[in-house]
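Hi there,

Here is the structure I promised to pass on to you. Please have it open while you read, and I will walk you through what turned up.

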Amino acid sequence: MLPNGREQVKARPPRLQYDVVMRGPLKFFLVLLVLALAGGAAAWLWSSRAEGPRIDLRQPDRFIGQATPLDLRVEAPGGRFARVDVTLEQGDRSFPIFTLAQPAQGEVRQESAERLFIMRKVGSREIPELRPGPARLVVRAARPLLFGLRQAESSVTRELEVRLEPPRVAVLSTLHYVNHGGAEFVVYRATPADVESGVRVGDRTYPGVPASGAGMAADASTKVAFFALLHDQDLDTPISLYARDAAGNEAAAPLEHRAFPKPFARSRIEIDDRFLRQVVPAIAATTPDMGLSTAPDDLLMSFLRINGELRMRNGRMVAELARKTAPQMLWTDAFQPLANAAVEARFADNRTYFHQGKEIDRQVHLGFDLAVTERIPVLAAHNGVVVHAGDLGIYGNTVVVDHGLGVQSLYAHLSSIGVKTGDRVEKGRPIGRSGMTGLAAGDHLHFTMLVGGHPVSPVEWWDPKWMQDRVLRKIAETGASGRAAGGGGGVG
Ligand SMILES: [Zn+2]
């Protein structure tokens, strides 16, 4: 046994040697395999954490109507997408809206190397099975990873409401008379109460607000709006009420009215070198971005840029202030004209400018020029809130007071300003002193009324009869009938 045992013991080493020799490459291979598996697992793990495409669903926001725009942007590195699918779900039904595999359903635009812009209409016109009520829009997107072995996914879900009934509008007030270059007021009903509505005059729109803003005891669907037939619009420009809901459903109704022509004056303005030397350098200093030259030979050219370019830019700045209007009527009766003032220029005066006998320019003067003794206190025409107090280009030192419902008053060329933006002012309160800052030859007050940011003739606003017939009467009449209608059964 022993010799055998020894032999056996002796016989083992070669086997061991054999093992070692043979297992060397195998072990190496195993290590590589483990490393590869670990690397693969790490890549797999990484890929499972990789973010899917970025989804930016801008529309629809809250509602789907008959034809609501889908506005969708998806973004992935290299612009590589495995899929983009949009579905609309209602109850247990699911309607495919868009799939990148068949992009013909919508319009797809490559916005950048990474980003796609997807557009189409969704609504009852495309999906007749849609019913009013809640719905859910789901966007699912994926991008390829690991040479297409995996995908990184992302999704966005938006809860929406399907609204198929178009909004309705109806005029409540009577006798709508509008002067060319003047304003008018309407009381109307827009349903459902939360739709955006107002008056459309040609291509201009004037948003309406709840009639409670005009002190009326009416339900939320009763609205009021001021609108204007601007001096540069035709006398027969169509005027209508509109309502548009967030689902894109629209309604319109013509607003029966009479428009009256108002002859606009024409005048001739002589520009002399003294005037150019007086106004051009001062305006150039307050508008450095225009790069106006004040060299003696360039004064006329700079004046023409001030009278054209700057006048237009200042008009847009004034129009912007309409956004700051209050949804309440802050005044109660006719506006206060500046006492003891001689009217120098009327509203919408067509001015032709001459320099050394030669016609150089034409502009419409959109305000009233009131000559006064120098530096007379300028009074607020009615109660309101100051929305601008400072330089305003051709208007020089200017104050704009908001009276609510889109109605504002503007006071220009002031020598000094006594109020600041945000101040509440009362009718007759001094807001500054007259002067000749901006494009003014002498001390005067340039005054205008604005409706929705557009200059309108102030004469109407000074007239107690106009205020009574055009505004206060309608509030009293429709306010009463609105209460009567509401009293029946609390409709709306
Ligand atoms: Zn003026």
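This is a predicted model: local features need pLDDT of at least 70, side-chain atom pairs count only at pLDDT 80 or more; totals for chains, interfaces and linings use all residues.

**The zinc site**

Let me start with the metal. The zinc ion is held by three residues: H365 through NE2, D369 through OD and H446 through ND1, at 2.0 to 2.2 Å. Read along the chain, these donors have the spacing H-x3-D-x76-H. H365 belongs to strand β23 (residues 358-365) and H446 to strand β32 (residues 444-451), so this pair ties together parts that lie 81 residues apart in sequence. H365 and H446 are both buried.

**Salt bridges**

How many salt bridges does the count come to? The total is 31.

- E184 and R470 meet through their side chains, with 2.9 Å from N to O. This pair links distant parts of the chain, as E184 sits in strand β12 (residues 183-191) and R470 in helix α5 (residues 464-489), 286 residues apart. Both E184 and R470 are buried.
- D289 bridges to R313, and their closest N and O atoms are 3.0 Å apart. Here too distant parts of the chain are linked: D289 is in the loop between α2 (273-286) and α3 (299-320), while R313 is in helix α3, 24 residues apart. D289 counts as exposed, at 59% relative accessibility, whereas R313 is partly exposed, with a relative accessible area of 27%.
- E165 and R168 form a salt bridge with 4.0 Å from N to O. Are these two residues buried or exposed? E165 has a relative accessible area of 55% and R168 has 54%; exposed means over 50%, so E165 and R168 both count as exposed.

There is also a network of salt bridges, which links R54, D71, R73, E75, E111 and R115.

**A nonpolar patch**

Lastly, have a look at the surface around L33. Together with L26, F29, L30 and L37, L33 forms a nonpolar patch there, and these residues have about 500 Å² of accessible area together. L33 lies in helix α1 (residues 2-49). With a relative accessibility of 39%, L33 counts as partly exposed.

Best wishes

Note on methods: Residues are numbered from 1 along each chain as its sequence is written. Side-chain values use heavy atoms; hydrogens and water are left out. Buried means under 20% relative accessible area, exposed over 50%, partly exposed in between (1.4 Å probe, protein chains only). Helices (H or I, at least four residues) and strands (E, at least two) are DSSP runs, numbered from the N terminus. Patches are made of residues with over 30% relative accessible area and no salt bridge: like charges are joined within 9 Å, nonpolar side chains (Val, Leu, Ile, Met, Phe, Trp, Tyr) within 5 Å. Accessible areas come from the Shrake-Rupley method with a 1.4 Å probe; for residues, only the protein chains shown count as cover. Donors are N, O and S atoms within 2.8 Å of the metal (3.2 Å for Na, K and Ca); water is not among the atoms, so sites may look incomplete.
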